[in-house]
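Subject: Structure handover and findings

Hello,

Here is the structure we discussed. Please open it alongside this email. My notes follow below.

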Amino acid sequence: MAAGLIDQEALLERVAGDPEFLATMVDIFVADAPTRLDAIRAGLRQADAQIVERAAHSLKGALATMAADAAAAEAFRLEQLGRSGSLVGAEAILTSLEAQVEEVTLALQAMVHQTTPDDAA
C-alpha cells in the first residue's frame, strides 16, 4: 500500500541515489509538513483563504519534491479553494491530506531506513 504513495524511483533520481541526501530531505520534510498543516488549520479556523492558499501551496511543493504526487494533488485542491476565496469543503480535504501526509511520512522514513546501510546510523 505505501509503495504507491511515493514514486521511489523518481525520488532516488532526485537525490542521485545518495542515501544521506535522501535522509536530509526526508528530515526537512518531516520537520516542515506539520508546520504547514498547522498553518492550514489556523487559516481554516480564521476563515482566511489566503493563509490556506499559501500554506497549501508550500505543502504541495514539499510533497511534490518528495515525489508524493497524490498527496501533492490533494494539497493543490486546498490551494485552489484558498485562491477561490471559498473554503467550502476545505475541512474534508484537510482531513484527507493529514492522513496522506502521515502515510507519506512513514513511507519516506521506511525508504530512508531501506537505503541507509546498517553501519551508517
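First, terms: contact, or touching and covering, means heavy atoms within 4.5 Å. Helices are DSSP runs (H or I, at least four residues), strands are runs of E (at least two), and both are numbered from the N terminus. Buried means under 20% relative accessible area, exposed means over 50%, and partly exposed lies in between (1.4 Å probe, protein chains only).

The model is predicted: local features need pLDDT of at least 70, side-chain atom pairs count only at pLDDT 80 or more, and totals for chains, interfaces and linings use all residues. Residues are numbered from 1 along each chain as its sequence is written, and side-chain values use heavy atoms, with hydrogens and water left out.

**Helix α2**

Start with α2, which covers residues 19–45. Its buried residues are Leu22, Ala23, Met25, Val26, Phe29, Ala33, Leu37, Ile40, Ala42, Gly43 and Leu44. What covers them includes α1, α3, α4 and α5.

How far apart are the end C-alpha atoms of α2? They are 39 Å apart. (The expected span is 1.5 Å times one less than the number of residues.)

There is a bend of about 25 degrees in α2 at Asp32. Pro34, a proline, follows within four residues. The bend is the angle between axes fitted to the seven residues ending at a position and the seven starting there.

Now the two ends. Asp18 caps the N-terminal end of α2, with a side-chain oxygen 2.8 Å from the backbone nitrogen of Glu20. Just after α2, Ala47 takes a positive phi of about 55 degrees.

**The core**

A nonpolar core is a set of buried Ala, Val, Leu, Ile, Met, Phe, Trp, Tyr and Cys residues joined through side-chain atoms within 4.5 Å. The largest one here has 38 residues. Leu11, Phe29, Ile40, Leu63, Leu78, Leu97 and Val104 touch the most other members. Two or more residues each come from α1 (8–14), α2, α3 (49–65), α4 and α5 (90–115). The largest share is from α5, at 10 residues. As background, nonpolar side chains tend to be buried together in soluble globular proteins.

Take Phe29. Setting aside residues up to four places away in sequence, Phe29 touches Pro34, Ala62, Leu63, Met66, Val101, Val104, Thr105 and Leu108.

**Salt bridges**

A salt bridge is a side-chain nitrogen of Lys or Arg within 4 Å of a carboxyl oxygen of Asp or Glu. By this rule there are seven. Distances below are for the closest N and O atoms.

- Arg36 pairs with Asp32 at 3.2 Å. Both sit in α2, four residues apart, about one turn of the helix. Arg36 is partly exposed at 29%, and Asp32 is partly exposed at 21%.
- Asp38 pairs with Arg41 at 2.3 Å. These two also lie in α2, three residues apart, about one turn of the helix. Asp38 is partly exposed at 42%, as is Arg41 at 28%.
- Arg41 pairs with Glu98 at 2.6 Å. Arg41 is in α2 and Glu98 in α5, so the pair ties together parts 57 residues apart in sequence. Glu98 is partly exposed at 24%.

Glu53, Lys60, Glu79 and Arg83 are linked in a salt-bridge network.

**Glu79**

Is Glu79 buried or exposed? Glu79 counts as buried because its relative accessibility is 2%. It is found in α4 (residues 69–84). The side chain of Glu79 makes a polar contact with the side chain of Lys60, at 2.9 Å. (A polar contact is a pair of N or O atoms within 3.5 Å; within protein, one must be able to donate a hydrogen and the other to accept it, and residues adjacent in sequence count only if both atoms are side-chain atoms.) Leaving aside neighbours within four places in sequence, Glu79 is in contact with Glu53, Ala56, His57 and Lys60.

**Ala64**

One last residue. Ala64 lies in α3 and is partly exposed, at 32% relative accessibility. Not counting residues up to four places away in sequence, Ala64 touches Arg14 and Ala72. Ala64 and Val112 are 48 residues apart in sequence and 17 Å apart in space, C-alpha to C-alpha.

Best regards
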